[in-house]
Amino acid sequence: MKKDIQLIALDMDGTLLRNDHSVSEENREAIKTAQEQGKAVMVSTGRPLLYAEKIVDSLNLSTYLITVNGGEIWSPERTLIERTIIDSSHVEFMLDMALKHDTHYWSSTVEGVFNKNTTFPKNIYDFQWLKFGFDIKDDDVRELIWNELSMREELEVTNSSMTNIEVNAAGINKAAAIRKVCKRLNISMDEVMAVGDSLNDLAMIKESGIGVAMENAQPKVKEAADWVTHSNEDHGVAEAIRRFVLK
Ligand SMILES: O=C(O)COP(=O)(O)O
């Protein structure tokens, strides 16, 4: 498959990062070379800016940044371009579900990141909710909650691991955000290579010119991908960049 890739969109956890959350020298080198060859390299993550920024800065990426699964899009200068929040009434519902089923839960808000073990806000309506997450070991409970959430048309339901559920406002996903970035860069989705491992990467993997799944990706993600690269522990990002982008 020979395509003229201009933008590389990389997921973080399970993709760009090793399991210890570091970036390998091999991945750093491939990203650096791609940028030297004039390609834009972008992180497209489920993480909030606070937990992505340090790693992104260490890579000297010169283009846009997508955080909270597309809930926020940042300019190369790190000014906010777009933000989409979840209506607080849905957050109230999700919190009730988490409490009822005694699951772990967390949320990224504009005001900060909270979870079950920190002080989770009681005054739901005073916060701007970007993403709500559950972590559920029990398959039946996870499926039940997933199905309940999927019935709400205003919500986008996905995951970033086999045991979690991540929820954004409907229509918010990494592919939709990349489309907006492409418009700004004046390129098409066909000129994008997206690399990821979880369901929150599925849309961008399907819609990009080249969609790459990690060796460690979830089965559905591997099925949808054009190619499966090495694992996150084995510099799969560098391998994909060398194969599809570098001259
Ligand atoms: O949602 C998360 O926190 C995981 O982020 P990721 O999308 O970069 O894997």
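This is a predicted model: local features need pLDDT of at least 70, side-chain atom pairs count only at pLDDT 80 or more; totals for chains, interfaces and linings use all residues.
Local features need pLDDT of at least 70 and side-chain atom pairs count only at pLDDT 80 or more, while totals for chains, interfaces and linings use all residues. Residues are numbered from 1 along each chain as its sequence is written, and side-chain values use heavy atoms, with hydrogens and water left out.

**View 1. The two domains.**

**View 2. The interface between the domains.**
Domain 1 and domain 2 bury about 1100 Å² between them. Buried area is the accessible area (1.4 Å probe) that two parts lose on being put together, summed over both. Carbon and sulfur atoms give 55% of this area.

**View 3. Links across the interface.**
The rule finds 11 residue pairs in polar contact, both residues at pLDDT 80 or more. A polar contact is a pair of N or O atoms within 3.5 Å; within protein, one must be able to donate a hydrogen and the other to accept it, and residues adjacent in sequence count only if both atoms are side-chain atoms. The count of salt bridges between the domains is zero. A salt bridge needs a side-chain nitrogen of Lys or Arg within 4 Å of a carboxyl oxygen of Asp or Glu.

**View 4. The ligand and its shell.**
Both domains give residues to the shell around the ligand, so the ligand lies between them. Residues around the ligand include D11, R47, K131 and E166; a residue is near if one of its heavy atoms lies within 4 Å. By class, the shell has one nonpolar, four polar and six charged residues.

**View 5. Polar atoms at the ligand.**
A polar backbone atom of G46 is 2.7 Å from a ligand oxygen atom. For a polar side-chain atom of N200, the distance to a ligand oxygen atom is 2.9 Å.

Note on methods. Ala, Val, Leu, Ile, Met, Phe, Trp, Tyr, Cys and Pro count as nonpolar, Asp, Glu, Lys and Arg as charged, and the others, Gly among them, as polar. Domain bounds come from an automatic or database domain assignment.
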